[in-house]
Amino acid sequence: MEKLTFEFFGGAPVNATRAPALVGVVGSGNLEVLIEPAELGGACAVEILTAARGFGATWKAVLDDFFTRHKLADVRIAINDVGATPAVVALRLDQAVEDFLGGGA
Amino acid sequence: MSSYYEASARERLHALFDRGSFHEFLPPSERVVSPHLVQLDTPAAFDDGVIVGRATLDGRPVLVAAQEGGFMGGAVGEVHGAKLVGLLERARDEKPAAVLLLVESGGVRLHEANAGLIGVSEIMRAVLALRSEGVPVVVLDGGQFGCFGGMGIVARLCDAIVMSEEGRLGLSGPEVIETTCGVEEFDSRDRALVWRTVGGKHRYLLGEADAIVADDISAFRAAAIHLLDTKPDLSLEALTAEHERLGARIEKFGALRDALDIWSALGVEKPENLPLLEADAFRAAVDGKRA
Amino acid sequence: MDAKILLSRLFPTGFDVDFDGQFFHGTGESARGKVAIVGSVDAAPIGVELAFRMAGDVLTVVRDHPDRPILLLVDTQGQRLSRRDELLGINGYMAHLAKCLQLARNRGHRIVGLVYSEAVSGGFLASSLLADRCHALPEAQVRVMNLPAMSRITKIPLERLEELSTSSPVFAPGVMNYLQMGAVHSLWEGDLSQRLAESLDAPAEGDVRREWGEERGGRKLARPVAERVRHAAG
């Protein structure tokens, strides 16, 4: 397993009372994404625990794209991954944001 | 139609209970994960593969749990088991209309085998203690991974079971039997054989499943509502009657080799046609023939 | 230990037990009066017939001998693995046995389990683990699965499992692991009839195994997690 962390800055803070959201399942070729508000001084922090080692650059590329689409701040994203493809990761991240922002405050 | 089989545990919970009524205890943001998996370099899940909480069903308060088969086959580890036990004990305090268990599990999680086995034993005791206090426990079984191992025993400890044809219920899974005893004992790749041996239709015909429904979350919901008023009965009379039924089953069917033989012995005409029937047609075809 | 030797040590003042194949049942004279005995020998696989038979015995005790304690002496290699047992619903037969024991418990019968030889997986679940308190002889073998098989299925190297099993009780075979995790209350040594009397004197206290597991350091999460769910807000 490998643990990766990334931080992004320059996003718009989300309402701190928003309920956390979870999408996906920790199963082969899949991942779960937990997204929740957090006091991070304007950062969007991503923490990944992945069964597949050595894909740090790929994760960074997928997350760069994600942050371009969703400029979030004061948000923590936690991921448990079992070798999902970049396309599946991007899909789950988008679903997580949709659930998170679409759900009740 | 919304497939129960294809849905995740979370999707099932949100679609099955009254809209917006589900509230989770120890949600993923609490990160109550299995420390044992991480020790073995295996990814953990934030809910440890089981979601527990409260909801209303047709306006009535219920406590609910849903196992996620996609995570380690829904297998029971220390945290997973403790969440189920805590929910069942909470029901002893709160006395909801019922507890609903959306089971999907291969049984004990081998990465934490001892903790899982003991956890299943505690779930068994907790179900029995709860039923002894008059709160019914209803099982829904229609997920991709079925309900096997210790959870198969747990399911049969409960008041009622709702299954789809796709649901499976047993103790040792077909793969386990094939691996241990050989393919001639149980060919786990013979899907027709697997489904007629451990699938919903056979369980319904034996009288183990109380309802058989189409693979549709709303059908599971309707069946669960119907079973909310089940009254737990662990009296000597009830268990003596169960004992007689189980004894008769061994006597009548104990020498038969295949589900088709059992269905035939039950008086079903053309038993070979049963696997082809949709839930409604199936129920009609076996009306009055169940053991 | 051979079952007859075991019985003579548990009941030095006398017992009356019938053996029929791998099943045995009867009564023993303890310091606290007559005890009903239900058990098996030769690492019996628990299939539909054996579970059914044990359940029948429990029902008879409940019907005819109110308050008589029940001693489970089950030697099992696990559930019987066969397509025919699955076809008949073996899990339902085990559940039936569990319900019958619950009925006995609800009516005030004490239920004591003693693993005197082997207790494995589903066979353990369907027998000694259903007792108020499960005890074991020090030489008893208790497990879900041996480590080589576990390694094959989980794809975790055997060396890693062996290494970790020296520090963690959580997955490896061994009665000491089950003792540490609270599933086995105590190991019985010395005067077994005395151990039995002590066990019959113990208070009926519900299922407190996770408290023992926490106190003994073998299962630190089960109790607090269950407690949190039980008392969570909302």
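Mentor: Start with terms: helices (H or I, at least four residues) and strands (E, at least two) are DSSP runs, numbered from the N terminus. This is a predicted model, where local features need pLDDT of at least 70, side-chain atom pairs count only at pLDDT 80 or more, and totals for chains, interfaces and linings use all residues. Residues are numbered from 1 along each chain as its sequence is written, while chains are lettered from A and ligands numbered from 1 in the order in which they are written.

Trainee: Okay. Where does Met163(B) sit in chain B?

Mentor: In strand β6 of chain B, which covers residues 160-164.

Trainee: Is Met163(B) buried or exposed?

Mentor: Buried. Met163(B) counts as buried because it has 30 other C-beta atoms within 10 Å. The cut-offs: 20 or more such atoms is buried, 12 or fewer is exposed, in between is partly exposed, with C-beta atoms placed from the backbone.

Trainee: Which residues does Met163(B) touch?

Mentor: Skip residues up to four places away in sequence. Then Met163(B) touches Asp141(B), Gly142(B), Leu169(B), Gly200(B), Arg203(B), Tyr204(B), Ala209(B) and Ile212(B). Contact means C-beta atoms, placed from the backbone, within 7 Å.

Trainee: And how far from Met163(B) is the C-alpha atom of Asp210(B)?

Mentor: The two C-alpha atoms are separated by 8.1 Å. Along the chain, Met163(B) and Asp210(B) are 47 residues apart.

Trainee: New topic. How many residues of chain B are in contact with chain C?

Mentor: 69 residues of chain B meet 63 residues of chain C. On the chain B side, α4(B) gives the largest share, 14 residues.

Trainee: What classes does that side of chain B have?

Mentor: The chain B side holds 35 nonpolar, 20 polar and 14 charged residues. Ala, Val, Leu, Ile, Met, Phe, Trp, Tyr, Cys and Pro count as nonpolar, Asp, Glu, Lys and Arg as charged, and the others, Gly among them, as polar.

Trainee: Zoom in. Which residues of α4(B) and α4(C) meet?

Mentor: From α4(B) come Met124(B), Leu128(B) and Ser132(B). They meet Ala98(C), Lys99(C), Gln102(C) and Asn106(C) in α4(C). By class, this helix contact has three nonpolar, three polar and one charged residues.

Trainee: What about chain B against chain A? How many residues are in contact?

Mentor: Here 12 residues of chain B contact 15 residues of chain A. The chain B side divides into seven nonpolar, three polar and two charged.

Trainee: Let's look at chain A itself. What secondary structure does it have?

Mentor: Two helices and seven strands. From the N terminus on, the elements run β-β-β-β-β-α-β-β-α.

Trainee: How much of chain A is buried?

Mentor: 39% of its 105 residues. The C-alpha trace of chain A spans about 35 × 25 × 20 Å along its principal axes.

Trainee: What share of the contacts in chain A joins residues 24 or more positions apart?

Mentor: 85%, counting contacts with a separation of 6 or more.

Trainee: Now chain C. How many helices and strands?

Mentor: Chain C has 11 helices and 11 strands. Its C-alpha trace spans about 50 × 45 × 45 Å along the principal axes.

Trainee: How much of chain C is buried?

Mentor: 54% of the 234 residues of chain C count as buried. As for contacts in chain C between residues at least 6 apart in sequence, 65% join residues at least 24 apart.

Terms used. Two residues are in contact if their C-beta atoms, placed from the backbone, lie within 7 Å.
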